[in-house]
Amino acid sequence: MSVVAYALELRDLIRSLIDVRPEPCEFNWLPLPEPRRPVAYSVEDGGQGDRKLRTYTVFALKAWGAGFVDGEAPRSFQEGFVGVVVPQGLEQDQRMRRYRQVLELEVALKSMVPGGLALFDGTPPMRWGRVGAKTTWEESLEAAARHIIKHRGALEGLTKGTCSAPDVDCLAEVLEGATRRPLSARALMRLVREGALGIGNSLRDYYPILALESLERLLLFRRVIEAAWSRGSTPVFVVKTSRSTSFCGGSLPDVHLVEATLRARGSFEPGYAVANVYNSVYDYFGLSKRERSMYPDVGGLRDFYENRLAVASAFVRLRAGGFIFKVEVLYDRSAGAGDPAGLLREVVSRLSSLPLTSEGYPLPLVVADSNSRVARAEMEAAMRALGLDLTPESRSMLRV
(Lines give C-alpha, C1' and ligand atoms only; values in the text may rest on other atoms or scores of the structure.)
Protein backbone atom coordinates (compact mmCIF):
# COMPACT_ATOMS: atom_id res chain seq x y z
CA MET A 1 0.00 0.00 0.00
CA SER A 2 1.37 3.42 -0.95
CA VAL A 3 1.72 6.44 1.35
CA VAL A 4 -1.20 8.04 -0.53
CA ALA A 5 -3.41 5.14 0.52
CA TYR A 6 -2.40 5.63 4.17
CA ALA A 7 -3.22 9.34 3.86
CA LEU A 8 -6.68 8.58 2.47
CA GLU A 9 -7.29 6.14 5.29
CA LEU A 10 -6.72 8.82 7.95
CA ARG A 11 -7.85 11.88 6.00
CA ASP A 12 -11.08 12.51 7.90
CA LEU A 13 -9.41 12.17 11.30
CA ILE A 14 -6.58 14.52 10.39
CA ARG A 15 -8.94 17.10 8.88
CA SER A 16 -11.11 17.03 12.02
CA LEU A 17 -8.05 17.97 14.08
CA ILE A 18 -6.98 20.83 11.81
CA ASP A 19 -10.41 22.29 10.94
CA VAL A 20 -11.16 23.65 14.39
CA ARG A 21 -14.68 24.73 15.33
CA PRO A 22 -15.65 28.44 15.43
CA GLU A 23 -14.54 30.46 18.44
CA PRO A 24 -12.06 27.89 19.81
CA CYS A 25 -10.06 30.55 21.63
CA GLU A 26 -11.38 33.56 23.58
CA PHE A 27 -9.41 36.82 23.35
CA ASN A 28 -9.76 40.53 22.65
CA TRP A 29 -8.48 41.54 19.22
CA LEU A 30 -7.24 45.12 19.64
CA PRO A 31 -6.80 47.58 16.77
CA LEU A 32 -3.25 48.53 15.86
CA PRO A 33 -2.11 51.73 17.55
CA GLU A 34 -0.92 54.59 15.38
CA PRO A 35 2.55 53.85 13.94
CA ARG A 36 5.31 55.58 15.82
CA ARG A 37 7.86 57.25 13.54
CA PRO A 38 10.77 57.48 13.24
CA VAL A 39 11.91 54.25 14.83
CA ALA A 40 15.51 53.27 15.47
CA TYR A 41 16.05 49.51 15.37
CA SER A 42 18.56 46.72 15.02
CA VAL A 43 18.09 43.27 13.51
CA GLU A 44 20.01 40.01 13.56
CA ASP A 45 19.72 36.49 12.28
CA GLY A 46 21.89 33.44 11.72
CA GLY A 47 22.17 30.54 9.34
CA GLN A 48 24.02 27.26 9.14
CA GLY A 49 24.99 24.59 6.69
CA ASP A 50 26.74 21.24 6.98
CA ARG A 51 28.34 18.62 4.84
CA LYS A 52 27.97 15.05 6.04
CA LEU A 53 30.96 13.06 4.91
CA ARG A 54 31.51 9.34 5.27
CA THR A 55 33.15 9.49 8.68
CA TYR A 56 32.49 12.99 10.05
CA THR A 57 30.44 16.17 9.58
CA VAL A 58 31.76 19.66 8.83
CA PHE A 59 29.50 22.64 9.49
CA ALA A 60 29.49 26.36 8.72
CA LEU A 61 27.74 29.15 10.62
CA LYS A 62 27.05 32.75 9.73
CA ALA A 63 25.33 35.56 11.62
CA TRP A 64 24.47 39.02 10.32
CA GLY A 65 23.16 42.07 12.11
CA ALA A 66 22.61 45.77 11.37
CA GLY A 67 21.56 48.92 13.16
CA PHE A 68 19.27 51.52 11.60
CA VAL A 69 18.88 55.10 12.88
CA ASP A 70 16.87 57.69 10.98
CA GLY A 71 19.12 59.95 8.93
CA GLU A 72 22.19 57.75 9.30
CA ALA A 73 23.70 55.08 7.09
CA PRO A 74 23.01 51.59 8.50
CA ARG A 75 25.92 49.78 10.13
CA SER A 76 26.14 46.04 9.55
CA PHE A 77 28.22 43.31 11.16
CA GLN A 78 28.91 39.69 10.33
CA GLU A 79 30.42 36.79 12.26
CA GLY A 80 31.11 33.27 11.02
CA PHE A 81 32.63 29.95 11.96
CA VAL A 82 33.55 26.71 10.19
CA GLY A 83 34.37 23.64 12.21
CA VAL A 84 33.81 20.06 13.24
CA VAL A 85 31.60 19.18 16.19
CA VAL A 86 33.74 17.34 18.73
CA PRO A 87 33.08 14.77 19.95
CA GLN A 88 31.04 13.87 16.84
CA GLY A 89 28.48 11.65 18.55
CA LEU A 90 27.32 14.16 21.15
CA GLU A 91 24.08 15.98 20.23
CA GLN A 92 25.45 17.43 17.00
CA ASP A 93 22.34 19.29 15.87
CA GLN A 94 21.60 20.89 19.25
CA ARG A 95 25.21 21.98 19.68
CA MET A 96 25.48 23.51 16.20
CA ARG A 97 22.31 25.46 16.98
CA ARG A 98 23.84 26.64 20.26
CA TYR A 99 26.99 27.82 18.46
CA ARG A 100 24.87 29.65 15.89
CA GLN A 101 22.91 31.40 18.63
CA VAL A 102 26.16 32.58 20.21
CA LEU A 103 27.18 34.19 16.91
CA GLU A 104 23.74 35.77 16.55
CA LEU A 105 24.05 37.31 20.01
CA GLU A 106 27.52 38.60 19.17
CA VAL A 107 26.32 40.52 16.10
CA ALA A 108 23.23 41.70 18.00
CA LEU A 109 25.50 43.27 20.62
CA LYS A 110 27.55 45.04 17.97
CA SER A 111 24.61 46.32 15.91
CA MET A 112 22.35 47.49 18.74
CA VAL A 113 21.16 51.11 18.61
CA PRO A 114 20.00 53.32 21.50
CA GLY A 115 16.36 54.09 22.18
CA GLY A 116 14.83 51.70 19.67
CA LEU A 117 13.84 48.10 19.06
CA ALA A 118 16.35 45.27 19.20
CA LEU A 119 14.73 42.74 16.86
CA PHE A 120 15.58 39.05 17.09
CA ASP A 121 14.29 36.15 15.03
CA GLY A 122 12.89 33.22 17.01
CA THR A 123 12.41 32.56 20.71
CA PRO A 124 14.78 33.88 23.41
CA PRO A 125 17.73 31.43 23.79
CA MET A 126 17.60 31.44 27.58
CA ARG A 127 17.00 27.80 28.36
CA TRP A 128 19.71 26.22 30.47
CA GLY A 129 20.80 23.06 28.65
CA ARG A 130 20.41 19.46 29.74
CA VAL A 131 22.54 17.02 31.70
CA GLY A 132 21.77 13.72 33.33
CA ALA A 133 19.87 13.23 36.56
CA LYS A 134 22.90 11.91 38.46
CA THR A 135 24.92 15.11 38.27
CA THR A 136 24.35 18.86 38.63
CA TRP A 137 25.26 21.81 36.49
CA GLU A 138 27.53 23.08 39.23
CA GLU A 139 29.49 19.81 39.22
CA SER A 140 29.68 19.82 35.43
CA LEU A 141 30.85 23.43 35.31
CA GLU A 142 33.48 22.76 37.97
CA ALA A 143 34.80 19.85 35.91
CA ALA A 144 34.87 22.05 32.79
CA ALA A 145 36.71 24.78 34.68
CA ARG A 146 39.38 22.40 35.96
CA HIS A 147 39.96 21.00 32.49
CA ILE A 148 40.03 24.35 30.68
CA ILE A 149 42.42 25.93 33.18
CA LYS A 150 44.67 22.87 33.15
CA HIS A 151 44.91 23.19 29.38
CA ARG A 152 44.75 26.98 29.20
CA GLY A 153 46.97 26.94 26.12
CA ALA A 154 43.87 25.95 24.14
CA LEU A 155 42.49 29.43 24.87
CA GLU A 156 45.46 31.36 23.48
CA GLY A 157 44.24 34.25 21.33
CA LEU A 158 40.59 33.46 22.02
CA THR A 159 39.93 35.51 25.16
CA LYS A 160 41.10 38.50 27.18
CA GLY A 161 40.07 36.70 30.35
CA THR A 162 43.10 35.52 32.26
CA CYS A 163 42.94 33.42 35.38
CA SER A 164 44.58 30.39 36.90
CA ALA A 165 42.13 29.27 39.59
CA PRO A 166 40.22 26.15 38.47
CA ASP A 167 36.78 27.40 39.56
CA VAL A 168 33.53 28.33 37.86
CA ASP A 169 33.91 32.10 38.40
CA CYS A 170 37.20 31.90 36.55
CA LEU A 171 35.54 29.98 33.73
CA ALA A 172 32.87 32.67 33.44
CA GLU A 173 35.59 35.33 33.26
CA VAL A 174 37.26 33.47 30.41
CA LEU A 175 33.98 33.11 28.48
CA GLU A 176 32.92 36.72 29.02
CA GLY A 177 36.29 37.96 27.81
CA ALA A 178 36.11 36.01 24.54
CA THR A 179 37.56 37.76 21.49
CA ARG A 180 36.55 34.96 19.10
CA ARG A 181 33.23 33.16 19.24
CA PRO A 182 31.99 30.57 19.74
CA LEU A 183 34.86 30.23 22.19
CA SER A 184 33.66 26.83 23.44
CA ALA A 185 33.70 25.27 19.95
CA ARG A 186 37.13 26.69 19.13
CA ALA A 187 38.60 25.55 22.45
CA LEU A 188 37.17 22.03 22.11
CA MET A 189 38.68 21.62 18.65
CA ARG A 190 42.07 22.69 19.97
CA LEU A 191 41.81 20.30 22.92
CA VAL A 192 41.09 17.42 20.55
CA ARG A 193 44.08 18.37 18.39
CA GLU A 194 46.30 18.24 21.49
CA GLY A 195 44.78 14.96 22.69
CA ALA A 196 43.59 16.69 25.84
CA LEU A 197 39.80 16.54 25.65
CA GLY A 198 39.71 13.87 28.35
CA ILE A 199 36.56 12.02 27.28
CA GLY A 200 36.04 8.61 28.85
CA ASN A 201 33.45 5.91 28.30
CA SER A 202 30.83 7.32 30.68
CA LEU A 203 28.09 9.64 29.45
CA ARG A 204 28.80 11.74 32.52
CA ASP A 205 32.16 12.67 30.98
CA TYR A 206 30.28 14.62 28.30
CA TYR A 207 28.35 16.84 30.70
CA PRO A 208 31.17 19.39 31.21
CA ILE A 209 31.18 20.00 27.45
CA LEU A 210 27.45 20.73 27.39
CA ALA A 211 27.82 22.90 30.49
CA LEU A 212 30.66 24.93 28.92
CA GLU A 213 28.65 25.61 25.76
CA SER A 214 25.47 26.49 27.63
CA LEU A 215 27.32 28.84 29.98
CA GLU A 216 28.81 30.76 27.06
CA ARG A 217 25.37 31.28 25.52
CA LEU A 218 23.67 32.26 28.79
CA LEU A 219 26.39 34.75 29.73
CA LEU A 220 26.30 36.38 26.31
CA PHE A 221 22.49 36.48 26.25
CA ARG A 222 22.46 38.27 29.59
CA ARG A 223 25.05 40.78 28.33
CA VAL A 224 23.04 41.52 25.18
CA ILE A 225 19.72 42.02 26.99
CA GLU A 226 21.29 44.17 29.71
CA ALA A 227 22.99 46.26 27.01
CA ALA A 228 19.62 46.85 25.33
CA TRP A 229 18.00 47.90 28.58
CA SER A 230 20.87 50.23 29.50
CA ARG A 231 20.63 51.93 26.07
CA GLY A 232 16.88 52.43 26.33
CA SER A 233 16.19 49.82 23.68
CA THR A 234 13.55 47.08 23.89
CA PRO A 235 14.45 43.46 23.05
CA VAL A 236 11.72 41.98 20.84
CA PHE A 237 11.73 38.38 19.66
CA VAL A 238 9.61 37.77 16.56
CA VAL A 239 8.44 34.14 16.42
CA LYS A 240 7.03 33.34 13.00
CA THR A 241 6.62 29.59 13.59
CA SER A 242 5.50 29.42 17.21
CA ARG A 243 4.24 26.04 18.42
CA SER A 244 3.17 27.27 21.88
CA THR A 245 -0.19 26.14 23.27
CA SER A 246 -0.20 28.09 26.56
CA PHE A 247 -2.58 30.85 25.39
CA CYS A 248 -5.52 28.91 23.95
CA GLY A 249 -4.83 25.66 25.77
CA GLY A 250 -5.61 23.56 22.72
CA SER A 251 -3.87 20.61 21.13
CA LEU A 252 -2.91 22.70 18.11
CA PRO A 253 -0.56 25.75 18.29
CA ASP A 254 -1.98 29.03 19.56
CA VAL A 255 -1.28 30.79 16.26
CA HIS A 256 -3.44 28.24 14.42
CA LEU A 257 -6.34 28.72 16.85
CA VAL A 258 -6.06 32.52 16.87
CA GLU A 259 -6.18 32.58 13.07
CA ALA A 260 -9.16 30.16 13.05
CA THR A 261 -11.02 32.27 15.60
CA LEU A 262 -10.53 35.50 13.63
CA ARG A 263 -11.56 33.75 10.43
CA ALA A 264 -14.74 32.53 12.14
CA ARG A 265 -15.44 36.09 13.28
CA GLY A 266 -14.91 37.37 9.74
CA SER A 267 -12.09 39.56 10.99
CA PHE A 268 -9.07 40.00 8.72
CA GLU A 269 -8.01 43.44 9.91
CA PRO A 270 -4.62 44.30 11.44
CA GLY A 271 -4.51 44.12 15.20
CA TYR A 272 -3.06 42.29 18.15
CA ALA A 273 -4.02 40.26 21.20
CA VAL A 274 -2.15 40.35 24.49
CA ALA A 275 -1.25 36.74 25.23
CA ASN A 276 0.84 35.99 28.30
CA VAL A 277 2.85 37.88 30.88
CA TYR A 278 5.56 35.86 32.61
CA ASN A 279 7.05 37.46 35.70
CA SER A 280 9.18 34.39 36.27
CA VAL A 281 11.40 32.44 33.92
CA TYR A 282 10.00 29.31 35.56
CA ASP A 283 6.48 30.32 34.52
CA TYR A 284 7.76 30.95 31.00
CA PHE A 285 9.02 27.38 30.75
CA GLY A 286 5.99 25.94 32.54
CA LEU A 287 8.08 24.82 35.50
CA SER A 288 7.48 25.11 39.21
CA LYS A 289 10.13 26.86 41.28
CA ARG A 290 12.26 24.18 42.82
CA GLU A 291 14.42 24.15 45.91
CA ARG A 292 17.47 23.98 43.70
CA SER A 293 17.77 26.83 41.22
CA MET A 294 17.73 26.08 37.50
CA TYR A 295 20.57 28.58 36.97
CA PRO A 296 24.07 28.46 38.46
CA ASP A 297 25.15 31.19 40.84
CA VAL A 298 27.96 32.43 38.61
CA GLY A 299 28.55 35.59 36.61
CA GLY A 300 25.31 37.19 37.82
CA LEU A 301 23.24 34.63 35.91
CA ARG A 302 20.93 33.57 38.72
CA ASP A 303 19.96 37.12 39.67
CA PHE A 304 19.39 38.11 36.04
CA TYR A 305 17.26 35.15 35.01
CA GLU A 306 15.31 34.65 38.23
CA ASN A 307 14.94 38.17 39.63
CA ARG A 308 15.03 40.52 36.65
CA LEU A 309 13.98 38.88 33.40
CA ALA A 310 10.28 39.03 32.49
CA VAL A 311 8.46 38.32 29.23
CA ALA A 312 5.27 39.78 27.76
CA SER A 313 3.90 38.22 24.58
CA ALA A 314 1.26 39.05 21.98
CA PHE A 315 -0.12 37.74 18.70
CA VAL A 316 0.14 40.37 15.99
CA ARG A 317 -1.16 40.97 12.46
CA LEU A 318 0.38 44.04 10.83
CA ARG A 319 -1.38 43.95 7.43
CA ALA A 320 -5.01 43.25 6.51
CA GLY A 321 -5.32 39.55 5.75
CA GLY A 322 -1.66 39.04 6.57
CA PHE A 323 0.04 36.40 8.65
CA ILE A 324 -0.26 36.35 12.41
CA PHE A 325 2.94 35.90 14.34
CA LYS A 326 3.99 35.99 17.96
CA VAL A 327 6.17 38.64 19.57
CA GLU A 328 7.90 38.25 22.92
CA VAL A 329 9.11 41.39 24.65
CA LEU A 330 11.76 41.14 27.36
CA TYR A 331 11.72 43.69 30.15
CA ASP A 332 13.41 44.23 33.50
CA ARG A 333 10.81 43.70 36.19
CA SER A 334 13.22 44.95 38.87
CA ALA A 335 13.18 48.37 37.16
CA GLY A 336 9.50 48.84 37.97
CA ALA A 337 7.92 48.12 34.58
CA GLY A 338 4.38 47.72 35.89
CA ASP A 339 2.36 47.92 32.67
CA PRO A 340 3.17 45.00 30.34
CA ALA A 341 0.04 45.70 28.25
CA GLY A 342 1.24 49.26 27.69
CA LEU A 343 4.70 47.98 26.79
CA LEU A 344 3.21 45.62 24.21
CA ARG A 345 1.11 48.44 22.73
CA GLU A 346 4.24 50.57 22.37
CA VAL A 347 6.16 47.73 20.71
CA VAL A 348 3.31 46.96 18.28
CA SER A 349 3.15 50.67 17.40
CA ARG A 350 6.83 50.65 16.54
CA LEU A 351 6.63 47.37 14.64
CA SER A 352 3.81 48.69 12.47
CA SER A 353 6.00 51.62 11.38
CA LEU A 354 8.74 49.35 9.98
CA PRO A 355 8.93 48.37 6.31
CA LEU A 356 6.75 45.26 5.90
CA THR A 357 6.42 42.44 3.41
CA SER A 358 3.10 41.91 1.63
CA GLU A 359 2.22 39.36 4.37
CA GLY A 360 2.93 41.92 7.10
CA TYR A 361 6.26 40.54 8.33
CA PRO A 362 9.02 43.04 9.27
CA LEU A 363 11.16 43.40 6.15
CA PRO A 364 14.42 44.06 8.08
CA LEU A 365 14.21 40.53 9.50
CA VAL A 366 13.80 39.14 5.99
CA VAL A 367 16.95 41.02 4.96
CA ALA A 368 18.81 39.65 7.98
CA ASP A 369 17.70 36.12 7.11
CA SER A 370 18.91 36.53 3.53
CA ASN A 371 22.30 37.90 4.58
CA SER A 372 22.93 35.16 7.12
CA ARG A 373 22.12 32.11 5.02
CA VAL A 374 24.86 29.63 4.24
CA ALA A 375 24.16 28.76 0.62
CA ARG A 376 24.95 25.33 -0.76
CA ALA A 377 27.53 26.81 -3.15
CA GLU A 378 29.15 28.66 -0.24
CA MET A 379 29.35 25.44 1.77
CA GLU A 380 30.91 23.62 -1.17
CA ALA A 381 33.46 26.41 -1.59
CA ALA A 382 34.35 26.18 2.10
CA MET A 383 34.91 22.43 1.74
CA ARG A 384 37.24 22.98 -1.22
CA ALA A 385 39.13 25.59 0.79
CA LEU A 386 39.59 23.08 3.61
CA GLY A 387 40.94 20.52 1.14
CA LEU A 388 39.37 17.61 3.01
CA ASP A 389 38.44 14.14 1.87
CA LEU A 390 35.08 14.89 0.28
CA THR A 391 33.77 11.33 0.19
CA PRO A 392 30.07 11.86 1.00
CA GLU A 393 28.10 9.97 3.58
CA SER A 394 27.12 6.79 1.80
CA ARG A 395 23.82 4.92 1.98
CA SER A 396 24.60 2.77 -1.06
CA MET A 397 24.60 -0.37 1.09
CA LEU A 398 20.81 0.12 1.43
CA ARG A 399 20.25 0.16 -2.30
CA VAL A 400 19.37 -2.96 -4.25
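**A charge over a ring**

Start by selecting R265 and F27: the charged end of R265 sits over the F27 ring, 4.6 Å from the ring's centre. Keep in mind as you go that this is a predicted model.

**The sheet**

Switch to cartoon view and find the open sheet of 8 strands. Walk across in the order β3-β2-β1-β4-β5-β8-β7-β6, and you'll see that the pairing is mixed. At the edges stand β3 and β6 (271-278), each with a single partner strand, so one side of each has no neighbour in the sheet. From one strand to the next, the twist averages 20°.

Now pick β1 (residues 41-52) and β4 (residues 117-121): they run parallel, joined by 3 bridges. Select Y41 to see one end of a bridge; its partner in β4 is L117.

**Ring pairs**

Next, colour the aromatics; the structure holds 15 aromatic pairs. Zoom in on F59 and F81, whose ring centres are 5.7 Å apart with planes at 55°, so this pair is tilted. F59 belongs to strand β2 (residues 57-68) and F81 to strand β3 (residues 75-84), so the pair ties together parts 22 residues apart in sequence. Are these two buried or exposed? Both F59 and F81 are buried.

Hop over to F325 and Y361, an edge-to-face pair at 5.6 Å centre to centre and 75° between the planes. F325 is in strand β8 (residues 325-332), while Y361 is in the loop between α10 (340-352) and α11 (363-372), 36 residues apart. F325 and Y361 are both buried.

Last stop: select F120, F221, W229, F237, Y295, F304 and Y305, which ring pairs link into a cluster.

Terms used:
Residues numbered from 1 in each chain as written. Predicted model: local features only at pLDDT ≥ 70, side-chain atom pairs only at ≥ 80, totals over all residues. Heavy atoms only, no water. Phe/Tyr/Trp six-rings, centres within 6.5 Å; stacked < 30°, edge-to-face > 60°. Helix = DSSP H or I, 4+ residues; strand = E, 2+ residues; numbered from the N terminus. Buried < 20%, exposed > 50% of the residue type's maximum accessible area, 1.4 Å probe, protein only. Lys NZ or Arg CZ within 6 Å of the ring centre and 35° of its normal. Pairing = 2+ DSSP bridges. Axes fitted to C-alpha atoms, helices over the stretch in contact; angles between N-to-C directions.
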